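Here are some notes on the model you sent over. Have it open on screen as you go through the points.

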Amino acid sequence: MRSIWNGAISFGLVSIPIKLVNATESHSISFRQIHTEDGGRIRYRKFCELEDREVTQGEIGKGYEDADGTIIPITEEDLSSLPLPTAKTIEIVAFVPADRIDPLQMDAAYYLQASGAPAAKPYTLLREALKRSNKVAIAKFALRGRERLGMLRVVGEAIAMHGLLWPDEVRAPEGLAPDTDVTVRDQELDLADALMDTLGEVELEDLHDEYREAVEEVIAAKAAGEAPPQSPEPATGGKVLDLMAALESSVRAARESRGEEAEHAEVKSLPQRKTARAAPKQTGGKKSTSTAKKTAAKKTTTAKKSTAKSGQGQGQGTTKKTASKSTAKKTPAKKSTSRKRPA
């Protein structure tokens, strides 16, 4: 791998000559800008605004524009002679636990390669010290025209360095969280945990860039004079209003995708307490219906009682029958009158 920077690691009074190598590579597909009418390339040419002519790369340098518009030329010699100890040195300033580093600060990653045989012993010493301490080294270094912050850690048998953003370069997440009070129930958390357990872990090596593969298929098809593949129609699902139902469906789908038997995750919602405020008073129509039902039930009961009494008194005289009938007729009126209660 080609080195992009040569220097040394400053570890106290120990100096370790190293080469800086990119630890990552991009597999993104790059496109050229073209003229849509004829397919011609669109190119950018650099012109000097004073001479109004195109200039070559060898004629281009750096300059700082002052507040009044004045351009102050800055040469590479000016930058290389900066009074900084980190101009050609990765200066270790501290050792901290790895969890002290906010992932938001992570930037580009590099490998540090020992430069020559004299660097082998101190390089190995630093690597083993990092392993045994379970810490990472915080360092400062200069690269591409500015001083940067870095984190050194062990990867395999090599030392890797992650560029870190300065703390004041990381924005605070103000105003991004929901500004409304939301209550998450235990049942919802239980289903979320079940979904996380069902999805489980994954080997990162098994993941791949499906977008890049799809773009490559389109390019190959058009290069062969064929129609590019069409993407399938997205499933049109209704708007999910019930969070519990959505979580249960997600758990079932995750289990089915892994070939597991879909078990129905039933979560019973807590019964709601009935309060006087929660139950609105019924209107007059509903009350009259309820009263009519109660009155009909009372009349039926009274009729049964009067029939039983009249059956028992069939052998007696007419006077007793008349008395029993009159009693049966009067009884509902008395009972209905006595059972009237204020609502």
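**Notes on the salt bridges, a hairpin and a charged patch**

1. Glutamate 59 counts as partly exposed, at 45% relative accessibility (buried means under 20% relative accessible area, exposed over 50%, and partly exposed in between, with a 1.4 Å probe and protein chains only). Keep in mind that this is a predicted model, where local features need pLDDT of at least 70, side-chain atom pairs count only at pLDDT 80 or more, and totals for chains, interfaces and linings use all residues. Residues are numbered from 1 along each chain as its sequence is written, and side-chain values use heavy atoms, with hydrogens and water left out.

2. What does glutamate 59 pair with? Its salt-bridge partner is arginine 53, with the closest N and O atoms 2.9 Å apart (a salt bridge is a side-chain nitrogen of Lys or Arg within 4 Å of a carboxyl oxygen of Asp or Glu). Arginine 53 is partly exposed too, at 33%.

3. Another salt bridge joins lysine 62 and glutamate 76, at 3.4 Å between the closest N and O atoms. Lysine 62 sits in strand E5 and glutamate 76 in helix H1 (residues 76–80), so this pair ties together parts 14 residues apart in sequence (helices, H or I with at least four residues, and strands, E with at least two, are DSSP runs numbered from the N terminus). Both ends are partly exposed: lysine 62 has a relative accessible area of 47%, and glutamate 76 has 49%.

4. Look at E5 again. Strand E5 (residues 62–65) runs antiparallel to E6 (residues 71–74), with four bridges between them (two strands pair if DSSP finds at least two bridges). Glutamate 65 stands opposite isoleucine 71. The two strands make a hairpin with five residues between them, and glycine 69 in the turn has a positive phi of about 95°.

5. In helix H4 (residues 210–223), arginine 212 and glutamate 216 are about one helical turn apart, because they are separated by four residues. They form a salt bridge too, at 3.2 Å between the closest N and O atoms. Glutamate 216 is partly exposed, at 37%.

6. How many salt bridges does the structure hold? There are 11. Arg127, Glu128, Lys131 and Glu157 are linked in a network of them.

7. Alanine 94, in strand E7 (residues 89–97), is partly exposed at 29%. Alanine 139 is 45 residues from alanine 94 in sequence, yet their C-alpha atoms are 7.1 Å apart.
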